[in-house]
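Thanks for coming. Please have the sequence and the structure open while I talk, and stop me if you lose your place.

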Amino acid sequence: DQIRDKVGDLKNTRVVCRSGSPIDLVDLEIVNPHEAKSIIILSPDEARDPDASVIKMILALTNNPNRRPEPYHIVAEIRNEKNMEAARMVGGSEAQLVLASELIARITAQTCRQTGLSVVYKELLDFGGDEIYFSEEPALVGRSYREALGAYETSALMGLRFADGRLTLNPPMDTIIRAGDKQIVIAEDDSAIKFMGVSAKTINESAITQAAPAPAALERTLILGWNHRGANIVSELDNYVAPGSLIKIVTETADTEAVAQELAANMKRATLEFAIGDTTSRKLLDALEPATFDYVIVLCYADTEDPQDADSKTLLTLLHLRDIERIQGESYSVVSEMLDVRNRALAAVAKPDDFIVSDELTALMLSQVSENAELINVFHDLFTSEGSEIYLRPAADYITPGQPVDFYTILEAAGRRNETAIGYRLISEVDAPDGAFGVRVNPAKSKQVTFGPEDKIIVLAEE
């Protein structure tokens, strides 16, 4: 009944619900896991030790006396990093493990520094628009990665999966594609991946600029609230910011101070400050002068509050921040964490912006990996500070504003900087939720677009 109420039209999908214990071998036979294409194991909310329950469920499948001889495709959610090794031991090559807390922490750290990035991630993770596929195109064998970038009109190349199993996003432009290599492609559907040839495209050379990348500037980040993801977020931010940057934590949970002191001792680039206070207090927020910070992260009190109460505090803090912004006329980036996806619509009343919905992002990633196990490696590369990540960079760094250009020209401009362009963001549509807040991932390459000075190009690049 809950699925019917919340999901709505299931189209050609039939949902069957059964009751029983997932670690009981007799109960498990009720759902016949041996015939499943994929098996998703969710971390149980009611369990005292949810990771232990997940590991037992994996064991019940892999060590089942009635198990099939062929490998299972299991996707399991793990909450605590310390349990990953045990889960890997029991799951082996049959289980793909998603460390939910680390995923959310990394996405939060990356998103807070780039407004619009969470929309890009949502586009790649959900099944409503474009997703990531693997495609092998024999006609590209012997061609370079740079030549292959323009070989698809309605799909965006983002990397290569080599025949030996290695995977690289935004590889060097002169990388030669060999037999057995697969292209990692963003497309609306796998049937939409259509090879159009590698013949030379008409490039608007006069529109391409070669602006030098701006030097890294000192950044000030304010974190309001706290939960178990906070430490990972701080550590991730420290990987990205310029040396001498500041991260300030303000929370009502006094026992966080010991965690902050331990983090501060291990910081490599940023300085860490800590203060105790009620993060829903307008007086406190005014005194913090949020406009003096480049980025503000509002974390929910997930460890100490009921989900709805935690989201209520987050929402109240967000409303105060936006009102301070309105009164002072100063703009700053705010990323809010919401536990319940239903509260996202309420938060958008304050101002459409980047919102990290924890459970939703984890669910989307589990769903994607259940469809293709190799995607776990793509997401690992995207969400770590090593290698290439997604950046939204000024369009003026690539092309002259005011000139109509197609995306082939954008690809060429980015390629000259050893970057892979996969889309753009139009600032004129930044407040339009129905238009994905101006984000266009995998645009049609032949369509002409005129960029303004504030617009962004979405690229895969090394920082």
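Strand β19, residues 456–461, is largely enclosed by the rest of the structure, because 5 of its 6 residues are buried. Before I go on, please keep in mind that this is a predicted model.

Which strands does β19 pair with? One partner is β14, which covers residues 389–394, and the two run in the antiparallel sense over 6 bridges. If you want to find that pairing on the screen, look for Pro-394, which stands opposite Lys-456 in β19. Further along, Ile-390 has Leu-460 of β19 as its bridge partner. Strand β14 is mostly covered too, with 5 of its 6 residues buried.

Strand β16, residues 420–425, also pairs with β19, again in the antiparallel sense, and here there are 5 bridges. Arg-425 stands opposite Lys-456 in β19, and Gly-423 stands opposite Ile-458 in β19. Which strands stand at the edges? As a general point for any sheet, side chains in a regular strand alternate between the two faces.

Now to another sheet. This one is open and has 3 strands, in the order β1-β2-β3, and the pairing is parallel. Its edge strands are β1, residues 39–41, and β3, residues 95–99, each of which pairs on one side only. The twist here averages 15 degrees from one strand to the next. Strand β2, residues 74–78, pairs with β3 in the parallel sense over 5 bridges.

Two packed helices are described by the angle between their axes and the distance between the axes.

Take α3, residues 50–62, and α4, residues 84–91. Their axes come within 9 Å and cross at roughly 10 degrees. Angles under 35 degrees count as roughly parallel, and α3 and α4 are therefore roughly parallel to each other. On the α3 side the contact is made by Ile-55, Ile-58, Leu-59 and Thr-62, and on the α4 side by Ala-86, Ala-87, Val-90 and Gly-91. How do these residues divide by type? There are 6 nonpolar, 2 polar and no charged.

The other pair is α5, residues 100–112, with α8, residues 230–240. Here the axes come within 8 Å and cross at roughly 45 degrees. These helices are therefore oblique to each other, and the crossing of α5 and α8 is right-handed. From α5, the contact uses Glu-102, Ala-105, Arg-106, Thr-108, Ala-109, Gln-110 and Cys-112. From α8, it uses Asn-232, Ile-233, Glu-236, Leu-237 and Tyr-240. By type, the residues of this contact divide into 6 nonpolar, 3 polar and 3 charged.

Let me finish on one residue from that list. Asn-232 is found in helix α8. Is Asn-232 buried, exposed or partly exposed? At 27% relative accessibility, Asn-232 counts as partly exposed, because buried means under 20% and exposed means over 50%. Leaving aside its neighbours within four places in sequence, Asn-232 is in contact with Glu-102 and Ala-105. For a sense of scale, Asn-232 and Ser-21 are 211 residues apart in sequence and 33 Å apart in space, C-alpha to C-alpha.

That is the end of my part. Questions are welcome.

Key
Residues numbered from 1 in each chain as written. Predicted model: local features only at pLDDT ≥ 70, side-chain atom pairs only at ≥ 80, totals over all residues. Heavy atoms only, no water. Axes fitted to C-alpha atoms, helices over the stretch in contact; angles between N-to-C directions. Helix = DSSP H or I, 4+ residues; strand = E, 2+ residues; numbered from the N terminus. Parallel < 35°, antiparallel > 145°, perpendicular 65-115°, else oblique. Left-handed = near helix turned anticlockwise from the far one by under 90°. Contact = heavy atoms within 4.5 Å. Nonpolar A, V, L, I, M, F, W, Y, C, P; charged D, E, K, R; others polar. Buried < 20%, exposed > 50% of the residue type's maximum accessible area, 1.4 Å probe, protein only. Pairing = 2+ DSSP bridges.
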